[in-house]
Amino acid sequence: MLRTHTNAFFLVAAIVSAISQAHAVQRTFVSAAIGSDTNTAANCSPTAPCRNFQAAMTKTDPGGEVVVLDSGGYSPVTIGQSVTLVAPAGVYAGISVPSGTDGITIAASNINVVLRGLNVTGQGGNNGISMTARQNNRLTLENCEISNLKQSGVLASGGVNVGVSDTTIRDVTGSGISFEGGVSGTITRSIISGNSGGGIAVSGSPVSITVVSIADSTIDGNGGDGVRAASNSANAIAKVSIRDSRIVRNSGYGLLAIYNGSNPIVNAGLSAKLSASNNLISKNGIGIGALSARVTASGNVITDNISFGFENSGIAPSVLFESAFNNVFVNNNIGGIIISGQIAFFGRE
């Protein structure tokens, strides 16, 4: 009797183990050429891949990968677990975004999501990548292209970390990138171009600190402002730093820090801040703007802007432009600097 019970126990254990292995694996695969979502029964394996990301994710361990095998179109996806979606070099993985939807929606907190080598293209859709009202997430975009959306290319809010590198975001009706409400973001070696509502919009709302660092990037030909750090209350802090980048041909300000909340004399210089170093800022409406806000600039070339190279407006001491002597203001069509707030110079003349 004991032997029978023992055998039965091991049989049940083996069945449970097999079921568990069939339900989740570290790496799953999708294919536009041979994939079928019925292949979830085979764990979306390399020889029996699924057709779309959404089906493959049901068979992927948290923290696992979904790998694209061949070029083609893949459907929008909602992500609720830590995962990497990756298209290898030379493989085109397109996500078409139909009207009223987002391309990739991150719909859970406390997860780590990596998107690598994906092309997200609007077909009347809203946002390319949306991660709103989330906490403790990390989102990494590498070598992606996002285009032709009605709202934002990348929209993120909440206490999350977002890293964007080697990525192009273009031809979006709203902002190319919109970070707000506590996001900590980095943008490196990326192109933000031709977006009607502006290039990169950063805001602290309603009670948060949103901090974004930009480096080695091109913010080019956007409607509105190239990079905008905006605050509408004393506790909604927006900080942006940008270095070694090209900010050119944006129809508004190339770089702008603006505070439009109450009591600007006390709050503005603390709530909206922008620092710029070693950038080319050219052919924008206005080069740099500090509107009831604080800007620190060093080593920039500010040239050929349609209006002023720098505009500093607001009631002192709410607005402060701190300029190193190594900034170059040249050939701006109306003039170099227009000042109604404070200006301070630092470094050697």
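## Burial and overall make-up

Of the 349 residues of the protein, 53% count as buried. The model is predicted. Its secondary structure consists of three helices and 33 strands.

The accessible surface of the protein comes to about 14300 Å², and carbon and sulfur atoms hold 53% of that area. Among contacts with a separation of 6 or more, 61% are between residues 24 or more positions apart.

In soluble globular proteins, nonpolar side chains tend to be buried together. The largest nonpolar core in this model has 72 residues, and Phe53, Ile79 and Leu115 are those with the most contacts inside it. Strand E12, residues 154-165, gives the most to this core, with five residues. A second, separate core has seven residues, including Ile258, Ile286, Leu291 and Phe308.

Leaving out residues up to four places away in sequence, Ile79 touches Met57, Leu85, Ile104, Thr105, Ile106, Ala107, Ala108, Ile111, Val113 and Leu115.

## Two asparagines in loops

Asn250 lies in the loop that runs between strand E22 (246-248) and strand E23 (253-259). Its relative accessible area is 1%, so Asn250 counts as buried, the cut-off being under 20%. Apart from residues up to four places away in sequence, Asn250 touches Ile219, Asp220, Gly221, Asn222, Gly224, Asp225, Gly226, Lys283, Asn284 and Gly285.

Asn332 is found in the loop between strand E31 (328-330) and strand E32 (335-339). Asn332 has 10% relative accessibility and therefore also counts as buried. The side chain of Asn332 has a polar contact of 2.9 Å with the side chain of Asn305. A polar atom of the Asn332 side chain also lies 3.1 Å from the backbone oxygen of Ile302. Both Asn305 and Ile302 are on the list of residues in contact with Asn332, neighbours within four places in sequence left aside; the others are Thr303, Asp304, Ser307, Phe308 and Gly309. Phe308 is one of the residues of the second core.

## A nonpolar patch on the surface

Some nonpolar residues are on the surface: Leu280, Val301, Val328 and Val330 form a patch there, with about 240 Å² of accessible area together. Leu280 belongs to strand E25, residues 280-282.

Methods:
Residues are numbered from 1 along each chain as its sequence is written. This is a predicted model: local features need pLDDT of at least 70, side-chain atom pairs count only at pLDDT 80 or more; totals for chains, interfaces and linings use all residues. Side-chain values use heavy atoms; hydrogens and water are left out. Patches are made of residues with over 30% relative accessible area and no salt bridge: like charges are joined within 9 Å, nonpolar side chains (Val, Leu, Ile, Met, Phe, Trp, Tyr) within 5 Å. Accessible areas come from the Shrake-Rupley method with a 1.4 Å probe; for residues, only the protein chains shown count as cover. A salt bridge is a side-chain nitrogen of Lys or Arg within 4 Å of a carboxyl oxygen of Asp or Glu. Helices (H or I, at least four residues) and strands (E, at least two) are DSSP runs, numbered from the N terminus. A nonpolar core is a set of buried Ala, Val, Leu, Ile, Met, Phe, Trp, Tyr and Cys residues joined through side-chain atoms within 4.5 Å. Buried means under 20% relative accessible area, exposed over 50%, partly exposed in between (1.4 Å probe, protein chains only). Contact means heavy atoms within 4.5 Å. A polar contact is a pair of N or O atoms within 3.5 Å; within protein, one must be able to donate a hydrogen and the other to accept it, and residues adjacent in sequence count only if both atoms are side-chain atoms.
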